[in-house]
Amino acid sequence: MWIAPELESGANVLYLQGRWRLAHVPGIAAEVAALRLAGDHCVLDGSRLEELDTAAGFVLLRRLAELGCIARTVEVRQMAEAHARLLTLVRERMAAPSVASPTRHRGAIERVGRAAVLVGRILRAQVAFLGRVGLELAALLRRPGLFRLKETVSQFETVTLDAIGIAALVTFLIGIVFAYLLGVQAQRFGAAIFVVDGVGLAICRELSPILVAVIVAGRSGAAFTAQIGSMKVQEETDAIRTLGLSPIQVLVVPRLLAIMTGLPLLVFVGDLAGIAGGMLIASLQLDISPTAFLARLHTVLPLKAVVVGLVKAPVFAAFIALIACRMGLAVARDARSVGEHTTSTVVQSIVWVIVLDALFAVVLQRLGI
Amino acid sequence: MENVLEVRDIVTRFGVDVVHDGVSFAVQRGEVVALIGGSGTGKSVLLKEMIGLLRPTSGSVHLLGTDVCRSSEEEMNGLRRRFGMLFQDGALFSSLSVAENIAVPLREHTDLPDALIAPLVGFKLSLVGLSPDTGRKTPAELSGGMRKRVALARALALEPEILFLDEPTSGLDPIGARAFDSLVRALSDSLGLTVFMVTHDLDTLLSIIDRTIALSTGKVIADGPVAAVMRSDHPWIQEYFSARAPHEEGNR
């Protein structure tokens with residue numbers, strides 16, 4: 001219905017009919033593909049053609065080229081001027097070969113190898129970055145005037161103060177769960193009061209630091225990477241450098257200091273909230289009054305357990321900040337890269353928090369702390 | 001000739017700021033029209049209102065016979081296949097390759113098989129003067145001028161009847177800008193495409209534009225061929241065109 005081929009005095013004449021628009025291209029393409037010609041000459045008759053666009057024109061001319069009809073051997077007659085002009089444009093531009101998009105599939109071994117190389121590269125870059133930040137911190141000690149108080153305080157506010165609610169909520173709930181599970185077991189042996197020992201120690205030494213660090217990694221670590229990454233995309237980091245400032249001094253140091261001071265405080269809030277959660281369950285389920293709970297806690301919770309938890313926090317914080325800022329500065333100039341790097345920050349930070357916690361456990365055990 | 005775009009009494013307010021205070025004009029099929037105006041006169045806002053991304057406070061926009069401000073989402077979707085928009089910085093999808101970018105409208109809005117989409121995409125690329133090999137690259141690997149060309153190819157993918165361009169030559173070097181201008185003009189002539197652009201580029205105005213509409217203080221202050229607009233005695237227009245004069249003298 002789109003094309004009527006006829007033989008008129010030995011010449012192929014193709015009557016194009018109807019509206020040759022993109023919407024009808026699948027039908028047109030099917031008809032055109034079935035086209036057979038005697039010889040390599042043809043005449044395109046446009047007298048029945050109502051509309052024509054480039055997609056339809058392209059499909060026709062491509063098929064004609066396959067059949068051996070090239071510019072010299074295709075004649076156009078009775079065609080509206082606009083349509084003829086369009087066909088000329090299409091013919092001029094279609095000379096180039098079509099694109100094949102080769103996607104090479106990599107074998108399993110190659111993938112593993114590439115991943116390993118990538119991890120090595122990340123680690124090396126991380127160490128280099130640590131060195132650069134160290135140098136900038138040393139410069140800061142020599143010239144305290146470089147310190148950006150305002151930026152640091154505002155980062156501290158978003159990293160710490162704004163996170164108090166979520167940190168307290170999560171540790172409170174974990175305190176509840178932990179006390180409940182422990183209580184069910186302890187009650188069987190008539191040892192309900194030992195729940196206080198368990199909750200106090202677990203929350204202060206392990207749970208609160210880990211959970212709060214994970215929350216901060218997801219919350220602030222991701223934010224750091226996204227902020228610095230989009231600044232990189234907008235060339236703001238280049239502008240900072242051009243103005244004679246150091247991106248590390250302007251962007252990284254305030255965030256590093258804010259998170260290192262903030263995380264121990266959040267962990268302390270977490271300690272209190274977790275113990276409060278345990279206390280709630282103790283009084284509701286185990287009949288241990290809050291007064292008795294606190295009295296017991298005083299005698300059984302060693303100060304060093306709390307201190308260990310608080311000491312771990314700035315170490316976690318430093319890793320989170322360094323990973324997040326470095327990933328932010330490593331963003332390439334497009335939006336997808338920001339997303340990829342942010343994801344990578346969160347994953348790396350959480351893994352490192354847990355690895356560090358394990359290291360702390362082993363080392364402190366050996367030291368007898 | 002038939003009007004493909006009619007803008008009637010557009011008023012736009014953002015809070016107390018009046019951006020447009022009764023803007024009206026019409027564009028005929030096949031015309032290449034430029035909208036000029038100083039910074040902050042709401043050129044881009046007007047453009048977004050014409051294609052339904054923003055809603056004016058009052059007034060109406062008829063695009064290809066459809067009332068943009070008062071039509072349902074379904075009618076708008078039908079309309080969106082009939083015009084193309086080239087955003088200022090290209091707005092290419094950075095997660096897709098160049099070829100995939102151009103294929104997006106074809107995949108979403110037509111039933112073309114993949115076997116037909118691939119050659120069509122290659123053809124669109126050569127239509128805008130790029131080598132089909134460009135299709136494999138990602139937008140991040142392209143120069144500013146190439147990004148605009150790819151964006152143009154994407155805007156042309158659905159064979160639109162009208163093409164909107166937002167500052168098509170900004171950020172291009174003069175040679176690239178002139179090449180882009182002549183590409184737009186050639187496509188408009190061959191495809192019978194109506195082109196409506198917002199521009200700051202005087203060279204564009206003087207080379208490829210049929211008609212210029214000047215916007216100032218929320219109103220249309222001049223509408224006509226460039227030569228006629230240049231003769232207007234409105235102070236802003238005088239200043240706009242005289243900004244170029246020293247250049248020309250320097251060239252002589």
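In chain A, strand β1 is joined to strand β2 (residues 11-16) by six bridges, and the two run antiparallel. Strands (E, at least two residues) and helices (H or I, at least four) are DSSP runs, numbered from the N terminus. The structure is a predicted model, in which local features need pLDDT of at least 70 and side-chain atom pairs count only at pLDDT 80 or more, while totals for chains, interfaces and linings use all residues. Residues are numbered from 1 along each chain as its sequence is written, and chains are lettered from A and ligands numbered from 1 in the order in which they are written.

Elsewhere in chain A, helix α5 (residues 149-159) contains Thr152(A). Thr152(A) counts as partly exposed because it has 17 C-beta neighbours inside 10 Å; a residue is buried with 20 or more other C-beta atoms within 10 Å of its own, exposed with 12 or fewer, and partly exposed in between, the C-beta atoms being placed from the backbone. Thr152(A) and Arg255(A) are 103 residues apart in sequence, yet their C-alpha atoms are 6.4 Å apart. Residues up to four places away in sequence aside, Thr152(A) touches Pro254(A), Leu257(A) and Ala258(A), contact being defined as C-beta atoms, placed from the backbone, within 7 Å.

Between the chains, 27 residues of chain B are in contact with 27 residues of chain A. On the chain B side, α4 (114-127) and α6 each supply at least two residues, and α4(B) gives the most, with nine.

Helix α6 of chain B (residues 174-191) has 18 residues and reaches 25 Å from its first C-alpha to its last, close to the expected 26 Å, that is, 1.5 Å times one less than its number of residues. Its buried residues are Phe180(B), Asp181(B), Val184(B), Leu187(B), Ser190(B) and Leu191(B). The elements covering them include α2 (54-66) and α3 (81-93) of chain A, as well as α5 (144-156), β8 (194-198) and α7 (202-208) of chain B. After α6(B) comes Gly192(B), with a positive phi near 65 degrees.

Technical notes
Contact = placed C-beta atoms within 7 Å. Pairing = 2+ DSSP bridges.
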